[in-house]
Amino acid sequence: MANEDREVFLVMMLNTKNHVVGLHRAHVGSLNASVVHPRDVLKCAILNNAASLIVSHQHPSGDPLNIVS
């Protein structure tokens, strides 16, 4: 994700032993935004029988304080 030029939102699905059972690129946004609907996150979790989730996104600018309001 470090070399992406747009924001990418990832969902990592874990089983009950916290082993990764799936990785889903839920959304590729624009230069400074990524709008993700909860159903896109939950759908992949349910289809993978996930017990828990880790969600992540990056800031292409490298500045985590550069937030669009």
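Predicted model: local features only at pLDDT ≥ 70, side-chain atom pairs only at ≥ 80, totals over all residues.

Colleague: What makes β1 and β3 paired strands?

Modeller: Strands are DSSP runs of E with at least two residues, and helices are runs of H or I with at least four, numbered from the N terminus. Two strands pair if DSSP finds at least two bridges between them. Strand β1 (residues 8-14) is joined to β3 by 6 bridges, so the pair meets that definition. The two run antiparallel, and leucine 10 stands opposite serine 56 in β3.

Colleague: Why are β2 and β3 at the edges of the sheet?

Modeller: The 3 strands form an open sheet in the order β2-β1-β3, with antiparallel pairing. β2 (20-28) and β3 (52-57) each have a single partner strand, so one side of each is left without a neighbour in the sheet.

Colleague: Which strands does helix α1 touch?

Modeller: Helix α1 (residues 38-47) packs on the sheet and touches β1, β2 and β3. Contact here means heavy atoms within 4.5 Å.

Colleague: Which residues make up the largest nonpolar core?

Modeller: That core has 7 residues: Phe9, Val11, Met13, Ala26, Val41, Cys44 and Ala45. The term stands for a set of buried Ala, Val, Leu, Ile, Met, Phe, Trp, Tyr and Cys residues joined through side-chain atoms within 4.5 Å. β1 and α1 are the elements that give two or more residues to this core.

Colleague: Why does leucine 42 count as partly exposed?

Modeller: Buried means under 20% relative accessible area, exposed over 50%, and partly exposed in between (1.4 Å probe, protein chains only). Leucine 42, in helix α1, has 48% relative accessibility, so it counts as partly exposed.

Colleague: And glutamine 58, buried or exposed?

Modeller: Glutamine 58 has a relative accessible area of 12%, so it is buried. Its place is in the segment after β3. The side chain of glutamine 58 reaches the backbone nitrogen of valine 8 at 2.8 Å, and one of its polar atoms lies 2.8 Å from the backbone oxygen of arginine 6.

Conventions. Residues numbered from 1 in each chain as written. Heavy atoms only, no water. Axes fitted to C-alpha atoms, helices over the stretch in contact; angles between N-to-C directions. Polar contact = N/O pair within 3.5 Å; in protein donor to acceptor, adjacent residues only side chain to side chain.
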